[in-house]
Amino acid sequence: MSDHVFRAPKGTRDILWPDSARWRTLVEVFSEVVGSAGYLEVIPPIFEHVEVFQRLGEATDVVRKEMYSFEDKGGRTIALRPEQTASVVRAFAEHRPALPYKAWYAGPNFRYERAQKGRFRQFEQVGVEVLGPTDPHLDAEVIALGWRFYERLGLRRVTLLVNSLGTAADRARYVEALRTHFTVDQDALSEESRATLESNPLRVLDSRREADAPLIAAAPRMLDHLSGDAAAHFAGVTAALDAVGVPYIISPRLVRGLDYYVRTTFEFATEALDAAQNAVGGGGRYDGLAAELGAPDTPGVGFALGVDRTLLACDAEGVFDAPAAAVDVFVVDVTGGDEAVVLTDLIRADGLRADRAWDGRSMKAQMRAADRSAARLAVIVGEDEKAAGTVTVRDLRGDSEQETVTRDQMIQTLRTRLR
RNA sequence: GUGAUCGUAGCUCAGUCUGGUUAGAGCGCCUGGUUGUGGUCCAGGAGGUCGCGGGUUCAAAUCCCGUCGGUCACCCCA
C-alpha cells in the first residue's frame with residue numbers, strides 16, 4: 001500500500017451504495033414523471049464554449065466567479081457547465097428540433113465555491129426545458145411536473161413559491177423603482193447589500209442579513225409593476241395551478257440567481273432542511289435566451305432540481321425503505337470452490353441473483369458471509385453433496401427445514417422457496 | 001471570497017483545557033469454541049506515522065504557526 005491516501009478533490013465526493021441506489025431511484029422516478037408528459041431525454045456535453053454561459057448574464061456570480069473555465073490544447077476557452085439550461089438551449093439553437101421541444105436531463109454541474117452541506121463543487125441536477133409556446137398553461141405544466149415529482153418521491157414538506165418578474169420592460173422598470181427605494185435609505189442597508197445595490201438591485205431582496213429586513217419589507221412589490229400583458233399571463237399560470245390542485249404561495253420578493261428569467265419564476269423549498277440549503281429546485285421562463293444563443297427568438301420555460309439536496313430532504317423525511325438485498329442466493333462451497341463456479345453460473349443464468357465466498361474459507365466463515373449478504377437462501381455443497389450430485393438448500397431468513405435435492409431440482413427448489 | 005469551528009482505528013467517539021509509562025472504548029472485521037451450518041453467546045487477534053508540515057520542550061495526540069480537508073454562518077445557489 002502506498003504511504004499516501006488520495007482523497008476526492010474539495011467539494012466532490014464518492015457516492016457509494018446505498019446512496020447510489022437512492023440516486024438511481026430518484027432519477028428513475030423523475031424520468032417516469034416527466035416521461036408521462038411527453039418529455040424526452042437530452043444529454044448535452046459536460047463542457048461548452050465559455051461564451052455559452054456568459055450569455056447567462058455577467059452580473060451573476062455563477063458566471064462571474066464560480067465558473068470552471070480553462071483553455072484546452074487547441075486554444076479554445078472551455079467551461080464546465082455550471083447549469084444545464086444554457087447547454088440545452090444551445091443544443092436547441094444548433095439542431096432546431098420541432099416545436100414545442102420538450103426535453104429532460106439529469107447530470108452533473110460544476111461551480112467553484114466553498115462547499116458545505118448540500119452544496120458541492122460537482123453537484124447533480126435533474127430538470128426539464130420547453131422551447132416554443134408562450135402559453136401560461138405551459139408554465140403551469142412545468143411547475144406541476146416538479147410538484148408531482150416530489151409527491152411521487154414521497155416528500156410531504158415541500159413548499160412551492162411563485163412570482164412574476166413581468167416582461168423584460170416591466171423588469172427594467174421595477175429594477176429602477178427598487179434602486180430608488182434602496183438608495184434613498186442606503187445608510188440603513190448592510191455594507192454587503194450596498195455593494196449588491198450597485199450591480200443588481202433585485203438581489204438585495206434576497207439578503208438574509210437582519211439589518212436589511214425592514215427596508216426589504218418596505219420595498220415596492222414586483223407584482224405591482226406588471227404590465228397588463230404580464231399580469232394576465234401570471235393570472236393564467238396561477239389559475240391553471242389551482243385547476244390541477246397544486247398548492248403554491250405567491251412570493252413577491254422571490255428572486256432567482258440567473259438573470260435570464262422573465263415573467264414566471266418559481267422555487268421549491270423544503271421545510272425538512274435548514275434555510276441555507278432549503279431551496280431544492282427552481283426555474284422560470286426565459287423568453288430571450290434562445291435568441292441570445294443564436295436561434296430565432298423562441299420562448300422557453302424550465303426548471304432544475306438539486307439531486308443532492310432532494311436526497312437530503314428524502315433522508316430527513318425518511319422516504320426510502322431499507323436497502324434491498326444484493327442477491328437472492330448465496331452459494332457455500334466447502335469442497336474447494338469449483339462447485340461454486342458452476343452453481344452460481346447456473347443460478348444466474350436462470351435469472352436469479354447469486355454470490356459466493358472466496359479464498360477457500362471455512363464453512364463457518366462462508367455461512368457468516370451468506371448471512372451478511374442478506375440473501376434469502378443458501379446453497380450448500382460439501383463432500384457428501386459433491387459425491388451424490390446434490391445440493392443442500394437452506395433458508396437463511398425463516399425457520400423452514402433445509403433440504404437436500406438433486407442438481408436438476410435445484411433451480412425449481414430455489415424458485416419455490418423464494419416465492 | 002469572509003468569519004467561526006472541528007480533524008485520534010473501517011465507523012462513532014473518549015483522551016487535548018492542566019504536555020510525561022507500550023494511545024483507549026463501543027460497533028465492525030478475522031480466528032477459535034462448534035474438524036458440515038450463519039444470525040445469540042464466550043475467548044483470542046488484527047488494525048492507528050493521533051490529517052499533513054514546521055516550531056517550542058528533556059518530553060507533543062495535547063502548546064504555537066502554517067497547510068489540507070470536513071462542518072456552520074455570510075455570500076451565492078440546487
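This is a predicted model: local features need pLDDT of at least 70, side-chain atom pairs count only at pLDDT 80 or more; totals for chains, interfaces and linings use all residues.
**Stop 1: helices α5 and α10**

Select residues 136–153, which form helix α5, together with residues 228–243, which form helix α10; their axes come within 8 Å and cross at roughly 45°. The two helices are therefore oblique to each other, and their crossing is right-handed. To see where they meet, show the side chains of Pro136, His137, Asp139, Ala140, Ile143 and Ala144 in α5 and those of His233, Gly236, Val237, Ala240 and Leu241 in α10. Sorted by class, this contact is made of seven nonpolar, three polar and one charged residues.

**Stop 2**

The buried residues are Thr85, Ala86, Ser87, Val88, Val89, Arg90, Ala91, Phe92 and Ala93. If you then display what covers them, you will find, among others, strand β2 (47–49), helix α2 (50–54), strands β5 (101–110) and β6 (122–131), and helix α11 (289–292).

Follow the chain just past α4 to arginine 96, which has a positive phi of about 50°. Arginine 96 is found in the loop between α4 and β5 and is partly exposed, with a relative accessible area of 49%. Proline 100 has its place in the loop between α4 and β5 as well, and the peptide bond that joins leucine 99 to proline 100 is cis, with omega about -10°. Most residues other than glycine have a negative phi, and most peptide bonds are trans.

The peptide bond from tryptophan 17 to proline 18 is cis, with omega near 5°, and proline 18 lies in the segment before α1. Alanine 374, although not a glycine, has a positive phi of about 70°; alanine 374 sits in the loop between α14 (363–372) and β14 (377–381) and is partly exposed, at a relative accessible area of 33%.

**Stop 3: the aromatic rings**

Now show the aromatic side chains, for which a search of the whole structure finds 12 pairs. In one of these, the rings of phenylalanine 30 and phenylalanine 303 have their centres 6.2 Å apart and their planes at 75°, so the pair is edge-to-face. This pair links distant parts of the chain, since phenylalanine 30 belongs to helix α1 (residues 19–35) and phenylalanine 303 to strand β11 (residues 300–306), 273 residues apart. Both phenylalanine 30 and phenylalanine 303 are buried.

Phenylalanine 266 and phenylalanine 268 form another edge-to-face pair, 5.9 Å from centre to centre and with 75° between the planes. Phenylalanine 266 is buried at a relative accessible area of 0%, and phenylalanine 268 is likewise buried, at 0%. To view the cluster that ring pairs link together, select Phe30, Trp104, Phe149, Tyr150, Phe266, Phe268 and Phe303.

**Stop 4: valine 329**

Finish at valine 329, which is found in strand β12 (residues 329–333) and is buried, with a relative accessible area of 0%. Leaving aside neighbours within four places in sequence, valine 329 is in contact with Ile347, Arg353, Ala354, Asp355, Ala375, Leu377, Val379 and Leu414. A line drawn from valine 329 to proline 108 spans 36 Å, C-alpha to C-alpha, and the two are 221 residues apart in sequence.

Technical notes:
Residues are numbered from 1 along each chain as its sequence is written. Chains are lettered from A and ligands numbered from 1 in the order in which they are written. Side-chain values use heavy atoms; hydrogens and water are left out. Buried means under 20% relative accessible area, exposed over 50%, partly exposed in between (1.4 Å probe, protein chains only). Helices (H or I, at least four residues) and strands (E, at least two) are DSSP runs, numbered from the N terminus. Contact means heavy atoms within 4.5 Å. Axes are lines fitted to C-alpha atoms, for helices over the stretch in contact, and angles run from 0 to 180 degrees between N-to-C directions. Angles under 35 degrees count as roughly parallel, over 145 as roughly antiparallel, 65 to 115 as roughly perpendicular and the rest as oblique. A crossing is left-handed if the near helix is turned anticlockwise from the far one by less than a right angle, and right-handed if clockwise. Ala, Val, Leu, Ile, Met, Phe, Trp, Tyr, Cys and Pro count as nonpolar, Asp, Glu, Lys and Arg as charged, and the others, Gly among them, as polar. Rings of Phe, Tyr and Trp (its six-membered ring) pair if their centres lie within 6.5 Å; planes under 30 degrees apart count as stacked, over 60 as edge-to-face and the rest as tilted.
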